[in-house]
Amino acid sequence: MSNAMNLTRAQFDEVMVPNYSPAAVIPVRGDGSRVWDQEGREFIDFAGGIAVNCLGHCHPALVDALTTQGQKLWHLSNVMTNEPALELATRLVEGTFADKVYFANSGAEANEAALKLARRYALDKFGAEKDEIIAFNQGFHGRTFFTVSVGGQAAYSDGFGPKPQSITHLPFNDVAALEAAVSDKTCAIMMEPLQGEGGIIPASKEFLQAVRALADKHNALVIFDEVQTGIGRTGHLYAYMDTDIVPDILTSAKALGGGFPIAAMLTTAEIATHLKVGTHGSTYGGNPLACAVGNAVLGVVNTSETLEGVKQREQMIREGLERINAKYQVFSEIRGKGLLLGAVLNDKYQGRSRDFLVASVAEGLMALVAGANVVRFTPSLVIPEQDIAEGLQRFEQAVAKVVAG
Ligand SMILES: *Cc1c(COP(=O)(O)O)cnc(C)c1O
């Protein structure tokens with residue numbers, strides 16, 4: 001069928017809504033951390049489908065889980081529960097602070113559930129006045145209208161009519177601003193422990209402690225958006241596990257399905273009681289195919305072998321990027337954690353992250369940006385050493401081309 005129709009990139013502009021601007025190449029096949037396009041050109045994948053393909057492309061354990069479940073049962077809706085969903089919820093509860101799980105299909109939906117739960121909890125326990133959500137500049141929480149309004153880039157939420165109310169944005173990592181803003185009116189503080197889309201910006205230890213202490217003082221909930229940082233990305237199952245604080249609500253998506261759409265909101269038993277029968281829902285949430293794949297993902301990722309491997313791979317990539325930088329002087333800093341890394345462009349290359357991306361694709365490397373000044377790398381958590389080495393070589397050639405102009 002694809003041959004008969006001769007599908008091309010030009011057709012994107014004819015038949016798709018123009019909200020994306022995809023690359024010129026059309027990948028058709030992936031295996032591990034390598035991808036091939038329609039012409040058979042090979043790419044090394046340092047992007048991982050935006051931190052989603054945590055086990056690369058077509059990992060045998062995930063293919064097996066999907067095809068096995070695909071022969072058994074695809075969908076029921078939440079009128080009935082199913083075995084893969086029960087198993088995945090149990091794994092998430094056993095592996096984290098949480099007692100209860102709500103399944104959704106995307107990061108935005110998990111965050112939407114988290115925000116609605118926080119509002120309902122505050123309303124039930126403290127009354128209608130307690131409705132303020134505090135969030136942070138450059139934060140990203142998805143594209144539904146509530147989540148994009150909580151996100152910290154007004155450009156993404158402007159132009160769609162009246163916004164959801166009582167949302168306050170503060171500078172990230174600014175303890176004094178937080179102290180001044182949190183009050184008994186605050187219902188939740190929502191944040192990424194390491195801002196992803198916003199530029200690979202880690203929360204400081206002091207800031208995290210202030211978030212937890214101020215939330216406790218004012219009976220507000222702490223919501224960690226771990227959609228990008230979760231599922232081993234930072235070398236821990238969830239990033240909160242390597243901080244001194246524990247959130248009240250945590251959201252997970254992206255890598256949870258390793259490429260199959262699934263998301264989860266985790267919380268405590270006490271908070272969960274406020275999402276009573278009928279208060280919220282989703283047709284597909286807890287879909288058996290998605291949960292079967294999620295179980296296979298956790299089976300591989302939540303092991304000391306994979307999590308330790310993330311730290312070793314981080315080291316290799318950091319060393320490679322430092323080596324490239326020593327030669328070409330393009331970065332001011334390599335930041336981030338585990339396999340969520342950002343190469344921050346120095347003064348000379350401000351605003352040019354996309355140029356590095358385009359040059360990388362031309363050299364056979366898939367990478368990402370995080371804003372105009374950061375080149376982002378989120379490869380598979382099990383990317384082979386050989387692919388890291390070759391990917392870095394290709395990135396060096398891309399850097400050389402950008403520098404040569
Ligand atoms: C990607 C992302 C989201 C949105 O997830 P979708 O699946 O695109 O809805 C939300 N929060 C963070 C931190 C993300 O990185």
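The model is a predicted one, in which local features need pLDDT of at least 70, side-chain atom pairs count only at pLDDT 80 or more, and totals for chains, interfaces and linings use all residues. Residues are numbered from 1 along each chain as its sequence is written. Helices (H or I, at least four residues) and strands (E, at least two) are DSSP runs, numbered from the N terminus.

Let us begin with helix packing. Two packed helices are described by the angle between their axes and the distance between the axes. Here, axes are lines fitted to C-alpha atoms, for helices over the stretch in contact, with angles running from 0 to 180 degrees between N-to-C directions. Take helix 13 (residues 304-328) and helix 15 (residues 385-404): their axes come within 10 Å and cross at roughly 25°. Helix 13 and helix 15 are therefore roughly parallel to each other, given that angles under 35 degrees count as roughly parallel, over 145 as roughly antiparallel, 65 to 115 as roughly perpendicular and the rest as oblique. The crossing of this pair, helix 13 and helix 15, is right-handed; a crossing is left-handed if the near helix is turned anticlockwise from the far one by less than a right angle, and right-handed if clockwise.

Which residues of helix 13 meet helix 15? On the helix 13 side they are Arg-313, Met-316, Ile-317, Gly-320, Ile-324 and Tyr-328, and they meet Glu-385, Ile-388, Leu-392, Phe-395, Glu-396, Val-399, Ala-400 and Val-403 in helix 15. Contact here requires the C-beta atoms of two residues, placed from the backbone, to lie within 7 Å. The residues of this contact between helix 13 and helix 15 divide into 10 nonpolar, 1 polar and 3 charged. For these classes, Ala, Val, Leu, Ile, Met, Phe, Trp, Tyr, Cys and Pro count as nonpolar, Asp, Glu, Lys and Arg as charged, and the others, Gly among them, as polar.

Now turn to helix 5 and helix 12, whose axes come within 8 Å and cross at roughly 35°. The crossing of helix 5 and helix 12 is left-handed. Pro-84, Ala-85, Glu-87, Leu-88 and Arg-91 in helix 5 meet a set in helix 12 made up of Pro-288, Cys-291, Ala-292, Gly-294, Asn-295 and Leu-298. By class, the contact of helix 5 with helix 12 has 7 nonpolar, 2 polar and 2 charged residues.

Next come the annotations. In an unreviewed entry, UniProt lists Arg-143 and Ser-282 under "binding site". UniProt positions are given in the numbering used here, feature names are shortened, and annotations may be inferred rather than shown by experiment. Arg-143 sits in the loop between strand 5 (132-136) and helix 7 (145-150). Not counting residues up to four places away in sequence, Arg-143 touches Ala-108 and Val-148. Ser-282 is in the loop between helix 11 (269-272) and helix 12 (288-301), and Ser-282 is partly exposed, with 19 other C-beta atoms within 10 Å. Ser-282 touches Ala-104, Asn-105 and Glu-109, again not counting residues up to four places away in sequence.

The unreviewed UniProt entry also lists Gly-107, Ala-108, Phe-140, Asp-225, Glu-226, Val-227, Gln-228 and Thr-283 for "binding site". They span 177 residues in sequence, and the farthest two C-alpha atoms are 24.8 Å apart, so they do not all gather at one spot. One of these, Asp-225, belongs to strand 10 (residues 221-225) and counts as buried, with 31 C-beta neighbours inside 10 Å. Gln-228 lies in the loop between strand 10 and strand 11 (249-252), and Gln-228 is buried, with 29 other C-beta atoms within 10 Å.

Finally, revisit the loop between strand 5 and helix 7, where Gln-138 is placed. Phi of Gln-138 is near 70°, a positive value in a residue other than glycine. Gly-142 is also in the loop between strand 5 and helix 7, and Gly-142 counts as buried, with 23 C-beta neighbours inside 10 Å.

Notes. A residue is buried if 20 or more other C-beta atoms lie within 10 Å of its own, exposed if 12 or fewer, and partly exposed in between; C-beta atoms are placed from the backbone.
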